[in-house]
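Here is a short briefing to read with the model open beside you. Take the topics in any order you like.

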Amino acid sequence: MHAGTRRHTARLIPAALAAGLLLTACGTGAGSSTAAEPAAKVTVTPAGGDSAAKLGSPISVKADGGKLTAVEVKDDKGAKVPGRLAADGASWTSEGKVRPKTTYTVRTEAKSTGGKESKATATFTTEQPEKINKLTNTPGNGQTVGTGMPVSILFDHPIATDRRAEIEKALKVTSQPHVEGAWGWVKDWSGKDRIDWRPKDYWPAGTKVSVRGGLGGINSGDSGYFARDYDFDFTIGADHKAVIDVPSHTLTMYADGKPVGTIRGSAGSPQDPTRGGVHTVRSKNAAETMDSSTIGHGNEWMLDSKWVTHLTASGTFLHSAPWNQSIGVVNNSHGCFGMTTSDAKRIYDFLPVGSTVEVKNTTSTKKTDVGNGLEVWQENWQQWQQRSALK
């Protein structure tokens, strides 16, 4: 019996030891499986490398074999790049395109399908294009302007026709209260490309306007790119307008649609009649020298004037004309509306930049081009809408 028992015990002990090795093996096996589980493969586009990354695309982050749990992208100035993570976590895409000559740092966190977590950092630098296209915006940021003011954006370099739709889509105008309007492409008097946004009707006084231009990284054509976004705001001031009636030699001022004063002056002569239609005050100058050579009259005159309100870029102004002995009696200017110095000051103070001056009953048959100043009101709403690249 004892001998049998010993034989039986001898068989049990190895069995117990064998069971312990099996558990250890299972534990070791599980650990090896976790260690061997591949992390999600994260790919960033554009990719870093010895050469600069190409322009023209957004930043894209993709995870294969898992999903992204966090993505943070910053440029070399420390600004965060906004983007959107897909609902399934498989990808992240920046809201805008990469900008010229910029270094981006992309930090990601991901989790594999097996639950393995991983972190990664990638950097890349974009190329420098041949041209950086900058712009000049009117009105300026924070400016208060008249009820006829368009948003006007003048570009440094030409805009290719096939690039206009994308650029127009990237420009947004919002206002409080909401005002309907549209963008239109214009050739500026300087010869440069321009895009203006005008309301369908005049702005209501007191409107707050915001312009957001998400242009950074967009190709403008002819090897040019925009390097940054452009944002600015402005306010519509009091509703002040003027109407010139050429035959009666008068300019009537209107505030909130009601006449508040009339002055006499001299418009253009029959040989150089004042251009008709609705003009927009584009700028003002307290003192200016009237140079005949700037409007195609050679060296006929060089006269000093005060309180000059500019309408067209080609030289249609409201200004003092102390040399004119027939003010308010004869239309004898070269297209401007001349007044006494005190009346010119009165108009200068009454009309802000962006207000409108309508010229009625002129004999001029010349159509003022929209780009000859801020002349967006020379066209009706239907004509203006045809200037959009999105029509």
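**Briefing on the predicted model**

The structure holds 15 salt bridges, a salt bridge being a side-chain nitrogen of Lys or Arg within 4 Å of a carboxyl oxygen of Asp or Glu. This is a predicted model, in which local features need pLDDT of at least 70 and side-chain atom pairs count only at pLDDT 80 or more, while totals for chains, interfaces and linings use all residues. Residues are numbered from 1 along each chain as its sequence is written, and side-chain values use heavy atoms, with hydrogens and water left out.

- Side chains of opposite charge can pair when their charged atoms come close.
- K97 and E166 join their side chains in a salt bridge, at 2.6 Å from N to O.
- This pair connects distant parts of the chain, with K97 in strand β5 (residues 91–97) and E166 in helix α2 (residues 164–170), 69 residues apart; helices (H or I, at least four residues) and strands (E, at least two) are DSSP runs numbered from the N terminus.
- K97 counts as partly exposed because its relative accessibility is 24%; on this scale buried means under 20% relative accessible area, exposed means over 50%, and partly exposed lies in between (1.4 Å probe, protein chains only).
- E166 is likewise partly exposed, with a relative accessible area of 24%.
- E166 also forms a salt bridge with R163, at 2.2 Å from N to O, and R163 counts as buried because its relative accessibility is 19%.
- D193 and R164 form another salt bridge, their closest N and O atoms being 3.5 Å apart.
- D193 is buried, since its relative accessible area is 5%.
- Through salt bridges that share partners, K97, R163 and E166 are joined into one network.

**Strand β11 and its partners**

- Strand β11 covers residues 151–155, and four of its five residues are buried.
- On one side of the pairing list is strand β9 (residues 135–138), which runs antiparallel to β11 and is joined to it by four bridges; two strands pair if DSSP finds at least two bridges between them.
- Within that pairing, L135 has F155 of β11 as its bridge partner.
- Strand β14 (residues 193–199) also pairs with β11 in the antiparallel sense, over four bridges.
- Here V151 has W197 of β14 as its bridge partner.

**The cavity**

- Rolling a probe the size of a water molecule over the atoms shows where empty space is left.
- The count comes to one cavity of 30 Å³ or more; a cavity is a set of points, on a 1 Å grid over the protein atoms alone, where a 1.4 Å probe fits but cannot get out.
- The largest cavity has a volume of about 30 Å³, volume being the space filled by probe spheres set on the points, which are joined across faces, edges and corners.
- Its lining residues, which have an atom within 4 Å of a point, are K131, N133, H157, P158, S220, G221, D222 and G224.

**S269 and its surroundings**

- S269 lies in the loop between β21 (258–264) and β22 (277–280), and it counts as buried because its relative accessibility is 10%.
- S269 and G335 are 66 residues apart in sequence, yet 7.0 Å apart in space from C-alpha to C-alpha.
- Setting aside neighbours within four places in sequence, S269 is in contact (heavy atoms within 4.5 Å) with N331, N332 and S333.

Note on methods
On a 1 Å grid over the protein atoms alone, a cavity is a set of points where a 1.4 Å probe fits but cannot get out, and a pocket is an open set with protein on both sides within 12 Å along at least five of seven lines; lining residues have an atom within 4 Å of a point.
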